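Welcome! Take a look at it first, and then read on.

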Amino acid sequence: MDNMALIRRWFRVITETILSLIVLFALIEIILGQPNIPFIGQLNILDTLTETFSSLGTGAAAAIVFVWVIYNIYSKKVN
């Protein structure tokens, strides 16, 4: 197997795991209604995501490009 393909596969697995954890923590924060998650501690996932999206700029073009890049990274490729 090609080394680059192996690195890409590991990178994809790691990023999908991190993305799944972010979604899980955000859902727990929404369900509990507080950023203090039991057994994990103080996490402000929603505040962090809100700040990240607002820091992209006031122009809608930057947000559209950001969403497009994220979509292309995580979309399933059919070979």
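In which helix is the place of Phe53? Phe53 sits in helix α2. Please keep in mind that this is a predicted model.

**The chain as a whole**
- There are three helices and two strands in the chain.
- Read from the N terminus, the order of the elements is α-β-β-α-α.
- Of the 79 residues in the chain, 8% are buried.
- The chain has an accessible surface of about 6,600 Å², and carbon and sulfur atoms account for 70% of that surface.
- Among contacts in the chain with a separation of 6 or more, 16% are between residues 24 or more positions apart.

**The nonpolar patch**
- A nonpolar patch lies on the surface, formed by Leu6, Trp10, Ile14, Ile18, Ile22, Leu49 and Phe53.
- Together, these residues have about 630 Å² of accessible area.
- Helices α1 (3-32) and α2 (45-54) each supply at least two residues of the patch.
- Helix α1 gives the largest share of the patch, with five residues.

**Where α1 meets α2**
- The two helices α1 and α2 pack at an angle of about 115°, and their axes are 8 Å apart.
- On the α1 side, the contact is made by Ile22, Phe25, Ala26, Glu29 and Ile30, while α2 brings in Ile45, Leu46 and Leu49.
- Sorted by class, this contact of α1 with α2 has seven nonpolar residues, one charged residue and no polar residues.
- Ile22 and Leu49 take part in this contact, and both also belong to the nonpolar patch.

- Is Phe53 buried, partly exposed or exposed? Phe53 counts as partly exposed because its relative accessibility is 46%, and that class lies between the limits of 20% and 50%.
- Ala63 has its place in helix α3 (residues 60-74).
- With a relative accessibility of 32%, Ala63 also counts as partly exposed.
- How far apart are Ala63 and Phe53 in space, C-alpha to C-alpha? The distance between Ala63 and Phe53 is 7.4 Å, and they are 10 residues apart in sequence.

How values were computed
Residues are numbered from 1 along each chain as its sequence is written. This is a predicted model: local features need pLDDT of at least 70, side-chain atom pairs count only at pLDDT 80 or more; totals for chains, interfaces and linings use all residues. Side-chain values use heavy atoms; hydrogens and water are left out. Patches are made of residues with over 30% relative accessible area and no salt bridge: like charges are joined within 9 Å, nonpolar side chains (Val, Leu, Ile, Met, Phe, Trp, Tyr) within 5 Å. Accessible areas come from the Shrake-Rupley method with a 1.4 Å probe; for residues, only the protein chains shown count as cover. A salt bridge is a side-chain nitrogen of Lys or Arg within 4 Å of a carboxyl oxygen of Asp or Glu. Helices (H or I, at least four residues) and strands (E, at least two) are DSSP runs, numbered from the N terminus. Buried means under 20% relative accessible area, exposed over 50%, partly exposed in between (1.4 Å probe, protein chains only). Contact means heavy atoms within 4.5 Å. Axes are lines fitted to C-alpha atoms, for helices over the stretch in contact, and angles run from 0 to 180 degrees between N-to-C directions. Ala, Val, Leu, Ile, Met, Phe, Trp, Tyr, Cys and Pro count as nonpolar, Asp, Glu, Lys and Arg as charged, and the others, Gly among them, as polar.
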